[in-house]
Amino acid sequence: LPYIFLFLLTALALDLANPFFDKPARDGGFFLYAGSQIVDGKIPYKDFWDSKGPGIFYVNALGLFLGGGSRWGIWLLEFVCIFGMLSLLYYTLSKRWGMGAALFGTALAGFGLRAVLGYGNYTEEFALLFNAAGLAIFLSMVDVERNYWKYIWVGALFGLSFTFRANNIGGFFAVLGAVFLFYVFKRHYVEALRIILAALAGFALPLILWTLYFAILGSAGEMIYASILFN
């Protein structure tokens with residue numbers, strides 16, 4: 001029953017983005033254009049330009065491919081990401097503080113998203129799934145310490161979020177800050193360093209893969225300048 005509620009909450013959060021009712025807004029419209037250019041074989045930052053990370057362009061390309069050129073494929077990906085994010089938050093909150101707190105928290109998140117997402121197809125809404133997954137893994141470390149592979153996964157998920165937009169790095173800084181404060185106050189300096197290095201290694205992984213991909217396309221420098229330095 002709670003997941004049926006989350007399904008309906010996701011539909012409510014994305015009602016303005018529904019292609020049946022509304023047209024895309026400015027940013028979402030450009031990302032649609034970028035996705036269509038990729039489907040046609042064009043290269044981001046070389047054949048068309050924007051200051052966002054490559055993730056949003058290729059998600060739009062995937063959505064257009066799945067939808068046969070229509071916006072419904074992108075709306076489906078939006079729905080999957082928001083529903084997945086709310087489900088992860090619900091599961092994590094209910095495990096720690098019970099169903100009441102989890103329903104309250106996810107409902108607040110859903111209504112808040114409806115207020116800010118507008119006509120949809122923003123960088124943040126796709127990245128929220130990766131943020132929630134990274135946060136869920138991080139909170140699971142309360143029960144299992146010294147599992148550095150999990151911290152690598154936390155970093156990698158936040159790294160994927162970063163490749164949609166550089167501003168998305170805030171959640172990763174919060175995780176590193178929490179680790180630093182927790183272990184430094186306990187005077188476990190070496191453990192803090194190991195965890196932070198593991199998380200940073202994971203964070204760097206998707207960035208390295210994207211850079212290698214664009215290096216093959218001959219536009220790695222343009223990608224780094226536009227999506228990180230300029231942004």
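Is Ser51 buried or exposed? Select this residue before reading on. The model is a predicted one, and in it Ser51 has a relative accessibility of 13%. Buried means under 20% relative accessible area, so Ser51 counts as buried. Ser51 is placed in the loop between helix H2 (26–39) and helix H3 (54–66). Now display what surrounds Ser51: leaving aside neighbours within four places in sequence, its contacts are Ala226, Ser227, Phe230 and Asn231.

**The whole chain**

The secondary structure comes to 10 helices and 0 strands, and the pattern read along the sequence is α-α-α-α-α-α-α-α-α-α. Along the principal axes, the C-alpha atoms fill a box of roughly 55 × 45 × 25 Å. A compact globule with 231 residues would have a radius of gyration near 17 Å, and the 19 Å of the chain agrees with this.

Switch to a surface view. Of the 231 residues, 44% count as buried. Colour the charged side chains: 15 are positive and 13 are negative, and the centres of the two sets lie 8 Å apart.

**The loop between H2 and H3**

Return to the loop between H2 and H3 and select Ile43, which lies there. With a relative accessible area of 17%, Ile43 is buried. Which residues does Ile43 touch, not counting residues up to four places away in sequence? They are Phe48, Leu217 and Ser219. Select Leu217 together with Ile43: their C-alpha atoms are separated by 7.4 Å, although the two residues are 174 residues apart along the chain. For the chain as a whole, residues 24 or more positions apart account for 70% of the contacts with a separation of 6 or more.

Tyr45 is also in the loop between H2 and H3. It has a positive phi of about 70° although it is not a glycine. Its relative accessibility is 5%, so Tyr45 counts as buried.

**Aromatic rings**

The structure holds 28 aromatic pairs. One of them joins Trp72 and Trp75, with 5.7 Å from centre to centre and 75° between the planes, an edge-to-face arrangement. Select both residues and view the rings from the side.

Why are Trp72 and Trp75 separated by about one helical turn? The reason is that they are 3 residues apart in helix H4 (residues 72–97). Show the surface again to compare the two. Trp72 counts as partly exposed, at 39% relative accessibility, whereas Trp75 counts as buried, at 15%.

**A last stop: Asn121**

Finally, select Asn121, which lies in the loop between helix H5 (99–117) and helix H6 (123–140). What is the phi of Asn121? The angle is positive, about 60°, although Asn121 is not a glycine. Asn121 is buried, with a relative accessible area of 5%.

Definitions and conventions
Residues numbered from 1 in each chain as written. Predicted model: local features only at pLDDT ≥ 70, side-chain atom pairs only at ≥ 80, totals over all residues. Heavy atoms only, no water. Helix = DSSP H or I, 4+ residues; strand = E, 2+ residues; numbered from the N terminus. Rg over C-alpha atoms; globule rule 2.2 N^0.38 Å. Buried < 20%, exposed > 50% of the residue type's maximum accessible area, 1.4 Å probe, protein only. Contact = heavy atoms within 4.5 Å. Lys, Arg positive; Asp, Glu negative; His and termini not counted. Charge placed at Lys NZ, Arg CZ, Asp CG, Glu CD. Phe/Tyr/Trp six-rings, centres within 6.5 Å; stacked < 30°, edge-to-face > 60°.
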